[in-house]
Amino acid sequence: MKRRAALAAGALAVAGVLTGCAFGGGGGTSSSQEPSAEGPVTLTFQSLAFQDTTIAATKEIVDSWNKDHPDITVKLQQGSWDNVHDQLVTQFQGGTAPDIIHDESADIAGFANQGYLADLKPYLSDDVVNAVSKDVWSTVTAQDGSVVAAPTLMQTYVVFANTDAFAAAGVPLPDGKELSWDDFQALAKKLTADGKYGIGWGLKSPTATVMNLALGFGGTFFDNNGGSSTIHVGDAELEVPKRINEMTYSDKSIDPVSLTQSGSDVLPGFFDGSYAMYVGGNYVAQQLTESAPKGFHWAVLPPLAGSEGTMQAANPQTMSVAAESKHVKQAAEFIDYFMNPTNQAKLAEGDWLIPASAPAREQVAKDTEGKNGWSAMLASGESLTAAPFQSAANYPQWKDQYATPSLQKFLANNISADDLKKQLTDGWAAVGG
Amino acid sequence: MSTSTLTRPVPPVAPPKRRRRNTGPNGGGRDAWLLVLPALIPVVLFSVYPLMQGILLGFTDSKAGLNAVVSFNGLENYARLAGNELFWNSFRIGLVWAFGVTALQFLASLGLALLLNLDLKFRGVARTLALVPWAMPPVVIAIMWRLMLNPSYGPINEAMRTVGFPGDINWLGSFSTALPAVIVVGVWAGMPQTTITLLAGLQNVPAELHEAAAIDGAGVLHRFWHVTLPALRPIIVAITTLDLIWNFNSFALVFVLTAGGPGGQTMLPMLFAYNEAFRYGEFGYAAAMGNVMVIVISVFLFLYLRGQARSRLS
């Protein structure tokens, strides 16, 4: 009896798959009401949203689009940030890339140069273009001037504080517009006691963090002049790794183990009070609200400021269209819809990220009333600038093969600052920078 | 090597009979070819063709890019590779990994196989349990061990703390312990097939020889050295050879455990070539690395098998 039921279920499932295949390609041929000149089309959209709230928001946007546009059906696929680059390389090569591609600006520069991404400039509406600052547009503009993506959400590195740990140590929460590195360092020292560390900092992949925070000290690393880039590693560039090293091994206010772990590996230590502060992307706030134990109180500290200010690199998430897509125009229309302030605010609130679009930022400020650290996070978003490393062509390879290993060694106190400088510079020459 | 072990027990009359049938006047050889064909087609389609494609790719400048033109560039990739310090460094790590894992795996498996060959209580249960790592996909093994080796919450450090050892070792994160820790996981993951193969070999060692040696006054160690090991030799050669190839080519385990970190300490050549192809889009260059790995492994195997064949003859 049971077996027969299982068989029937299996048969139904097979039938479902078969019909799914048969009708999936057609894009709902029977229900099209106002077919456009080219007939109804189906687009695939690979989203990398990974937090439940953002996945829901993305689905909502796609559903409402499909309802309003019976002749352009968008099919949602789920991808992952962990392997999106490898996946896209393979898919582009095999000609099977999704029509609409979700990624981030630092990752797509190479694809843009290889000609895999369509120019969206002719399709984006003025509202969308004017909503985003020129600086942020420059991070998604290829060398030949084509706009290869629409920038959506941006992250900054922020300091999260366990407010109970601050209270227990009798340290007042810093307020104000910014938190200087000196104050940050002093704060960490005060909160280090009884086998507990002031800071847990998941720096397993340290390069992006260092590149971003170095801007606050004026450390730009690269000079781009028309296609080729040169590297310069000086005091300004080395300031951030040096300070982290000093805090770990002289002040002993950062847990050295956390430096070798990923951000999510360090989070449990922040929850159980081993660390009073946690440095990470602002999207971690969503995980804090979701999975922090009951009675855990946290806050976002003001943005970290170096000698030059609180600048960090604008590395927005992006929405691109594959150049090989058969329906570039329709895909770009969907992106234009995706970019409207209501949709962007919905996504930003789900992911606790900062929308690149100014009207969407206003919407978020209104919706959240600046609570739960939102005002500090939106503030940190105002000083995002385009950074030279984003346009340096061989940056991804240099980052993997040279910058990450040598920064890991420096943060493990295995090499000196001079060695680090030499390895970073020699590495750039070795990748043919 | 394997043919010699296989043909040895066959009665001397059988081979001529078979040969006569194959080359008979009815053209049986040609018919047999037709019968084999359906089995050969998938092999050619799914093994030989991609293999050739891969080898050829190693002599081109294939790169990621829309409508990129691919052209043969002869030995250029290999000249470039010769000067790639990072690749050779990862090659060195790969050899340490492959030989380390294979040797330790062999010793541990031999011990386990000898144990399981004894007439113990619950022998069946123990033999089944020894197979458990084999039933797990490498990715699951890697995730499990990453939890076990977690520096703050992992049970391994916890256990070390309770028995009084320093329990704060950052196994996969610190430069000195990452490679040894990964090798231990590799040994654990690969033990079942080695153990089972050796166990099968042990059961074929004739009991009479042991008896005769025992009557002649040979102790346990002597019997192991002079009876068990020589009888096992063909099996040992076969399984260590296969293990070496498998281990050198293993990918998923280390990819998930450390992805080559920290600071490139566990960057096996496979991971390196994978990055070259699927992160930087240098398909031709990555295929050239694959070709070099095949050649180097073949050389090692050739030397090893020749050494074994010589010592068997002497």
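Reply: Happy to! Between domain 1 of chain B and domain 2 of chain B, about 550 Å² is buried, and carbon and sulfur atoms give 65% of that area. Buried area here is the accessible area (1.4 Å probe) that two parts lose on being put together, summed over both. The size of an interface is often given in this way, as the accessible area lost when the parts come together.

A word on the source: this is a predicted model, where local features need pLDDT of at least 70 and side-chain atom pairs count only at pLDDT 80 or more, while totals for chains, interfaces and linings use all residues. Residues are numbered from 1 along each chain as its sequence is written, chains are lettered from A and ligands numbered from 1 in the order in which they are written, and side-chain values use heavy atoms, with hydrogens and water left out.

Now, where are the two domains? Domain 1 of chain B covers 1-57 and domain 2 covers 77-313, with bounds from an automatic or database domain assignment. Their centres, taken over C-alpha atoms, lie 32 Å apart. Six residues of domain 1 of chain B and nine residues of domain 2 of chain B take part in the contact, meaning heavy atoms within 4.5 Å.

Between these domains there are zero salt bridges (a side-chain nitrogen of Lys or Arg within 4 Å of a carboxyl oxygen of Asp or Glu). On the domain 1 side, helix H1 (2-7) and helix H3 (28-57) of chain B each supply at least two residues, and H3(B) gives the most, with three residues. Helices are DSSP runs (H or I, at least four residues), numbered from the N terminus.
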